[in-house]
Amino acid sequence: MSADYSHVPRCMSTQHPDNVHPPFFAQNPILEGEDEVVEAYYVYSNLGCDEQMWDCEGKEVDSFVVKKLLSRYGDYFRERQIGREKFLTLRVPNPEIEHTEGKILLETLESIPRSFDLASLFYKNDSPPIFEVILPMTSSFESIDNIYQYYRDFVVGKKDKRLGGRDCTVADWVGDIRPEKINVIPLFEDMKSILNSDKILRRYIDGKKLDYQRVFFARSDPAMNYGLIGAVLLNKIGLYKAGAVSEATGVPVLPIIGAGSAPFRGNLRPDTIRRTLAEYPGAWTFTVQSAFKYDYPAEDVRKAVEELKEAPVNPAPEISEERCTDLIERYSAEYNRHLKELAGLVNRVAPYVPQRRKRKLHIGLFGYSRSSGDIELPRAITFTAAMYSIGVPPEILGLSALKENDLEYLHEVYVNFEQDILDSLRYLNPESPYIPEGIMEFVEDHFDFETNPDHTNITNKIIADITGNNCFEMQNDILAAAGIRKFIG
């Protein structure tokens, strides 16, 4: 593996709306448009992040972000070139899932050469500012290869087309179209895709001259679908498979882990960096989401970002897929039984969870198909917030299915299992009427925990708000509880 990939970012700032406090530069609590351009500059210049994910799903996309960054913050970016030292990576819609947004994918790909022209004029060189896109809900080789081939054959390929049968080509008319190719990063979000990720990656890599290949493993959506334990084990399987593909193909495979601040969504906070690194050996890049960035002192965030960037990357250990999938299937069945009991209540509370971004959230796996019907739930951040608000941390759902030999195995492979559960139990309200049967007995038998009395008092108020239909107070109480946790969801 002689290719140089040391420049590949280690710390990716994202636009996940899990923060309690709006950033100081925001025009209002709900970030949108121009605020997100300022945010990109802020995370580069003040927090030290080397990459910003630019979300092109479910909102009015600002495809002129490179132009705005270079024109507004020219002195900063002259010294730190976008595409060499600071990176902007687009997350695009998946037309196989988000059928009504397929054209946004094409528009986004067409914007990449325009950003190249702007940067070329600014920097006086031919280094592309944007050359990678993330494809969510990846489930096949074709879904990522289609983007790679479309960009090469239709975005760049049209430059040699002749106009009206004359000698003038598209390139003669509007100039060359570059970069000549882009990298496509598959984002795997469900069990089947993560378990097949090695096969998908091998086929995609075959026949391409790649210096490296990035791969993104979601952390929130697997938790929504298979519970906390299912998500962690699937991420570990994915990381091990990525390392195996590297060894087999000779192409370095560099994984991204999409962790948020809530234990349910990753437990990655400025004060848990070492724990997270120990949990996910093999991961090259970690996401820094909004609660991480805006709900802690800026100096703590800067130090944490630097620690993430400087940490060595150890190989992912081998893990038994058979043992893990057996455990996940049994545990997630209980988890989903609990979800079914709580779905109506969660959907009742969800509209009062404060918004922090003006967008339709990433589609993910929106429904949960069951033989008895469909369970519809909000996206992961809102779901997590609703669960904490009623005094039932989502991390504890499904635990009652675990046997003693399961717990022994989890203590072997899930490094922070006990600590993650204890972190969530701080926000358990033992008197909540919504705790599923069998959960309290399990946690009291297996964990020595203390709850946060202030958080308990607020969840008691929220439960009273629900009972009394006091919707006016509910949003304020949900926000107050989130302030204690330092994340919305």
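Reader: Which residues of helix α16 are buried, and what covers them?

Author: The model is a predicted one, in which local features need pLDDT of at least 70 and side-chain atom pairs count only at pLDDT 80 or more, while totals for chains, interfaces and linings use all residues. Residues are numbered from 1 along each chain as its sequence is written, and side-chain values use heavy atoms, with hydrogens and water left out.

Helix α16 comprises residues 417-425. Helices here are DSSP runs of H or I with at least four residues, strands are runs of E with at least two, and both are numbered from the N terminus. Of the 9 residues of α16, 7 are buried, so the helix is largely enclosed by the rest of the structure. Buried means under 20% relative accessible area, exposed means over 50%, and partly exposed lies in between (1.4 Å probe, protein chains only). The buried residues are Phe417, Asp420, Ile421, Leu422, Asp423, Ser424 and Leu425. Their cover includes α9 (220-249), α10 (273-279), α14 (380-389), α15 (404-413) and α17 (439-446). Contact, the basis of this cover, means heavy atoms within 4.5 Å.

Asn267 lies in the loop between β7 (253-258) and α10. This residue has a positive phi of about 60 degrees although it is not a glycine. Most residues other than glycine have a negative phi, and most peptide bonds are trans. Asn267 counts as buried, because its relative accessibility is 3%. Lys486 also has a positive phi, of about 70 degrees, and is not a glycine. Lys486 belongs to the segment after α19 (471-485), and its relative accessibility of 36% makes it partly exposed.

The peptide bond between Arg178 and Pro179 is cis, with omega at about 5 degrees. Pro179 sits in the loop between α6 (170-174) and β5 (183-188).

Ser111 is part of helix α4 (residues 102-123) and has a relative accessible area of 6%, so it is buried. A polar atom of the Ser111 side chain lies 2.6 Å from the backbone oxygen of Thr108. A polar contact is a pair of N or O atoms within 3.5 Å; within protein, one must be able to donate a hydrogen and the other to accept it, and residues adjacent in sequence count only if both atoms are side-chain atoms. Glu57, in the loop between β2 (51-55) and α2 (65-72), is buried with a relative accessible area of 2%. The C-alpha atoms of Glu57 and Ser261 are 22 Å apart, and 204 residues separate the two along the chain.

The whole chain provides the setting. The protein chain contains 19 helices and 10 strands, and buried residues make up 61% of its 489 residues. Its C-alpha trace spans about 80 × 50 × 45 Å along the principal axes. A compact globule of 489 residues would have a radius of gyration near 23 Å, and the chain agrees because its own value is 23 Å. That radius is taken over C-alpha atoms, and the globule rule is 2.2 Å times the number of residues to the power 0.38. Among contacts between residues at least 6 apart in sequence, 80% join residues at least 24 apart.
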